[in-house]
Amino acid sequence: MNDCEYLIKVKGLPIERENTLYKLCENAYFTLEACMIMPLVFMVILFIMYTGFFFYNKCLLKQDTYRLLLRAGQIKNASNEEIAEEIRQMDSNWYYDKYVMCKIGDKYIEVNHDNLVIKQSATLNVNIPLLEKWFGADVWELGTTVEVKRICPTGIIRSRRKLEKLIQKENEQCATGNM
């Protein structure tokens, strides 16, 4: 026997559908469902928002790292230390306010003659206790590692021309029989 039946039968209230108490009892199931479902729906919406922030920041982080390497790859006639310092200088002038709820971490820069490597990390703070329980941490970490091989087009063209001349010389020697 539910509460409405109890009030109607035991207390002797009339069973008429126009009775306000009957109408309240009949529609009370929505309150229970709302208090169970609405927080869950709210948490799912927050999870989707935080996931969107996470991927947005991850894309920005990768984009900024690639843009930095693209500019650093254009530096010519400099030592490894000068290139690394130039990358740090460009990075200090960078605009980082576009990240959403994200803290940018340290940059690791490695410069060899041919290779440039930049590793960048960042963290997204999750301030919602239920999401912290679901994922076991209140901080989501994102990071990217980008490696670029620097090439010198003029050096490649010169090497190819030298190789072509060598092959042509070998062909001429084979044709004349002077092996």
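A nonpolar core is a set of buried Ala, Val, Leu, Ile, Met, Phe, Trp, Tyr and Cys residues joined through side-chain atoms within 4.5 Å, where buried means under 20% relative accessible area, exposed over 50% and partly exposed in between, with a 1.4 Å probe and protein chains only. Keep in mind that this is a predicted model, so local features need pLDDT of at least 70 and side-chain atom pairs count only at pLDDT 80 or more, while totals for chains, interfaces and linings use all residues. Residues are numbered from 1 along each chain as its sequence is written, and side-chain values use heavy atoms, leaving out hydrogens and water.

**The cores**
- The largest nonpolar core has 15 residues, and Tyr50, Ile128, Leu131, Trp140 and Leu142 touch the most other members.
- Helix 3, strand 2 and strand 3 (139-149) each give two or more residues to this core; helices (H or I, at least four residues) and strands (E, at least two) are DSSP runs numbered from the N terminus.
- Helix 3 is the top contributor to this core, with six residues.
- There's also a second, separate core of 14 residues, including Leu68, Ile75, Ile87 and Ile109.

**The salt bridges**
- Side chains of opposite charge can pair when their charged atoms come close.
- The structure has four salt bridges, each a side-chain nitrogen of Lys or Arg within 4 Å of a carboxyl oxygen of Asp or Glu.
- Asp64, Arg67 and Lys98 link up in a network of them.
- Asp64 is buried at 3% relative accessibility, whereas Arg67 is partly exposed at 34%.
- Over in helix 6 (residues 153-176), Arg160 and Glu164 are four residues apart, about one turn of the helix, and they form a salt bridge with the closest N and O atoms 3.2 Å apart.

**A buried glutamine**
- Gln120 lies in strand 2 (residues 115-125) and is buried, with a relative accessible area of 3%.
- Its side chain reaches the backbone oxygen of Gly105 at 3.1 Å.

Notes
A polar contact is a pair of N or O atoms within 3.5 Å; within protein, one must be able to donate a hydrogen and the other to accept it, and residues adjacent in sequence count only if both atoms are side-chain atoms.
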